[in-house]
Amino acid sequence: MFNKKLLLILLVVSLVAVGALAQLKVGVVFATGGLGDRSFNDSGFEGVKKAEKELGIAFDYVEPQSVAEFESHQRAFAQSGKYDLIICFGFDQADAMKKVSAEYPKQKFVIIDSNEVTADNVAAISFKNHEKTFLVGALASMLTVDTKDFKQMNSPAKIGVVGGMDIPLINSLVAGYAAGAKYINPKADVYIAYVGAWNDPAKAKELALNMYNRGADIVYQAAGGSGLGVFKAAKQVNKYAIGTDTNQNYIEPNNILFSAVRRMDNVIFDQIEAAVKGQWKGGIYNLGLKEKAVDFTVEQSNLKISKAMIDKVEALRAKIIAGEIVVPEKLEDVDAFLKTVKR
Amino acid sequence: MLEQILNSEAFFLTMALLASTLRMATPLGLAAMGAVYSERAGVVNLGLEGLMLVGAFFGVLGSYLTGNAWLGVLLAVISGGVLAFLLALVTLRYKANHVVAGVALNLLSLGLTSVLLVAIWGNRGKSADVEGIYPVNIPFLSDIPVLGEIFFRQSPFFYLLIILMVISWFLFYRTKWGLRLRAIGENPAAVDSLGIPVNTYKYIAVIAGGMLAALGGAYLSLGELSLFGRNMVSGRGYIALAANILGNWNPVGVVLSSLLFGFANAVEMNLQLYGWPTQFVQMIPYVVTIFVLGGLVRKVEAPKALGEHFDRGDTHV
């Protein structure tokens with residue numbers, strides 16, 4: 001009798017499991033910026049769509065309008081029990097996820113841009129952004145002396161970076177950038193300034209003009225919406241800029257050399273693929289060049305960078321992936337890094 | 001000797017600092033001037049931020065649609081007037097609390113411009129690039145060494161600010177209209193008893209103030225960037241309100257106080273490049289505000305009936 005019951009249960013469970021294997025279902029809770037932001041959400045959505053095409057998954061998504069809505073959306077997905085994986089965008093979903101993931105311990109969750117949620121059923125993903133900015137800083141440092149290809153370069157290795165706010169996330173970008181520039185040329189000057197806001201392009205432009213006035217040839221923007229002002233400054237004085245987070249080269253293709261990007265699409269796709277293959281595991285993930293989670297791109301820029309330069313940068317990429325170069329994450333560690341690193 | 005100074009790097013950087021000051025001060029000055037109009041008539045204008053934002057947006061939209069940046073400025077000014085009319089309507093006719101109405105106006109503007117941004121350009125962050133308004137060198141004057149470089153190679157908005165300052169000062173202190181308006185801000189009942197239509201004056205002043213604030217916003221979008229970025233005014237409306245108080249509700253005073261804020265901003269940006277700690281340096285403009293508003297320089301005096309409601313026939317203030 002008992003055995004029959006057990007057999008029945010096993011049968012049902014295996015049927016359900018087979019059904020799930022046939023088509024994995026993903027629920028996506030976007031960040032408040034929502035689709036159409038040409039950034040964070042859109043590039044992550046690319047990964048979901050790629051998984052739909054290549055792995056045959058199905059998905060549903062919601063676009064919350066405010067932080068207060070995250071919890072109810074997460075719970076609704078989890079409660080339905082229909083979703084194999086619930087993917088949530090943005091660090092501000094962490095608080096809600098701590099609660100909901102504890103309520104549904106069997107439900108698999110992914111959170112992007114947070115390393116705060118530690119639970120077996122949560123994959124918390126953050127990025128080694130300083131690795132991509134190291135490459136970008138190194139390339140910028142090389143280009144300032146390449147007066148043959150770039151007529152506007154006028155001085156030996158003077159570059160700048162305009163950050164949004166003086167916070168650890170942005171400082172890790174700045175640290176990588178400075179370390180990369182000085183790794184190539186220890187005498188490189190790196191101007192650093194912060195706007196103090198994510199939505200003040202006029203001030204960012206003024207900061208960038210200041211840097212160009214002092215002889216900087218290239219300014220990297222890590223200032224969100226304020227960064228548009230950096231591009232305008234570059235255009236006005238006919239100098240160069242670097243984009244951030246997504247490919248921004250199209251905005252001023254004659255002045256933006258390249259963009260340091262986060263490959264949200266790769267990261268999301270990898271998570272879904274792992275779930276499909278049954279290899280998905282919760283935990284804290286800090287992803288970098290090695291996982292192809294961060295990168296830089298020259299596509300859509302009208303400025304042509306010589307292959308020799310790109311090759312040099314690719315050699316640096318290989319060294320970082322191999323662990324020969326460990327890029328510093330904090331500004332105060334840059335000097336120590338330069339002293340110890342082998343060139 | 002002189003040659004040496006004029007060619008030195010320190011001199012070059014000082015010039016850049018001063019030019020930067022004027023650029024930062026221009027939008028503040030225009031918006032603060034707008035506050036003078038509205039507050040002299042007794043209406044608190046906390047909606048400056050929203051009025052500037054709407055001006056910034058419709059300036060770009062006008063330029064985008066017509067290909068002419070000055071028509072964009074015209075549309076900006078009209079949109080600021082319309083929105084300010086709304087503020088006047090709810091505060092004067094429906095007796096809403098001025099502060100609440102101003103905050104509501106800011107929220108409305110942010111929502112409206114964000115939605116239209118997506119609807120028109122399909123982008124949440126920025127508009128398309130449009131024809132902007134670029135700095136103009138004034139013939140002869142711009143050739144004067146030093147002074148010419150600082151004052152006469154500026155954005156047309158800066159020249160507009162100076163012209164509007166002179167006109168406004170004349171209007172407020174040398175015409176009957178200005179005398180009456182100032183009296184309304186102090187004691188509307190007294191003005192009313194003379195048979196002067198108090199509310200008509202108030203409506204006109206608030207709408208004119210909205211137009212000026214929108215002009216300040218249009219400077220940010222058309223004069224600086226040739227595009228609109230989401231929520232790009234970034235708190236300047238509130239600083240302009242402080243500049244208005246510091247400038248003692250006086251058209252000349254607000255331009256001077258805006259220059260002070262602009263200078264504090266320019267210094268902040270320059271010190272950052274010398275490696276001063278960011279948190280400390282970014283404090284400077286605000287510390288200046290607190291010290292000045294704290295009465296360190298002089299006592300400021302607000303119009304006495306500021307923020308109060310008035311009905312025809314009221315005998316008290």
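Which residue is the bridge partner of Tyr220(A) in strand 9 of chain A? The legends below lead to the answer.

**View 1. Welcome to the predicted model and its numbering.** This is a predicted model, where local features need pLDDT of at least 70, side-chain atom pairs count only at pLDDT 80 or more, and totals for chains, interfaces and linings use all residues. Residues are numbered from 1 along each chain as its sequence is written, while chains are lettered from A and ligands numbered from 1 in the order in which they are written. The term pLDDT is the predictor's confidence in each residue, from 0 to 100. For chain A the mean pLDDT is 91, with 93% of its residues at 70 or more. Helices (H or I, at least four residues) and strands (E, at least two) are DSSP runs, numbered from the N terminus. Where pLDDT is low, the predicted coordinates should not be read in detail.

**View 2. Chain A has two domains.** Domain 1 covers 18–127 + 264–287 and domain 2 covers 129–261 + 306–340; such bounds come from an automatic or database domain assignment. Taken over C-alpha atoms, the centres of the two domains are 31 Å apart.

**View 3. Strand 8 of chain A is enclosed.** Because 5 of its 5 residues are buried, strand 8 is largely enclosed by the rest of the structure.

View 4. Strands pair if DSSP finds at least two bridges between them. Strand 6 (residues 158–163) runs parallel to strand 8, joined by 5 bridges, and Val161(A) has Tyr220(A) as its bridge partner. Strand 9 (residues 240–245) also pairs with strand 8 in the parallel sense, over 3 bridges. Here is the answer to the opening question: the partner of Tyr220(A) in strand 9 is Ile242(A). Together with helix 8 (residues 228–237), strands 8 and 9 make a right-handed β-α-β unit. Right-handed means that, with the strands pointing away from the viewer, the path from the first strand over the helix to the second runs clockwise.

**View 5. Strand 7 of chain A pairs with strand 6.** Strand 7 (residues 189–194) has 5 of its 6 residues buried, so it is largely enclosed by the rest of the structure. It runs parallel to strand 6, with 6 bridges between them, and Lys158(A) stands opposite Asp189(A). The chain passes from strand 6 through helix 6 (residues 168–184) to strand 7 in a right-handed β-α-β crossover.

**View 6. Strand 4 of chain A is covered on both faces.** In strand 4 (residues 108–112), Lys108(A), Val110(A) and Ile112(A) lie on one side and Phe109(A) and Ile111(A) on the other, all buried.

Terms used: A residue is buried if 20 or more other C-beta atoms lie within 10 Å of its own, exposed if 12 or fewer, and partly exposed in between; C-beta atoms are placed from the backbone.
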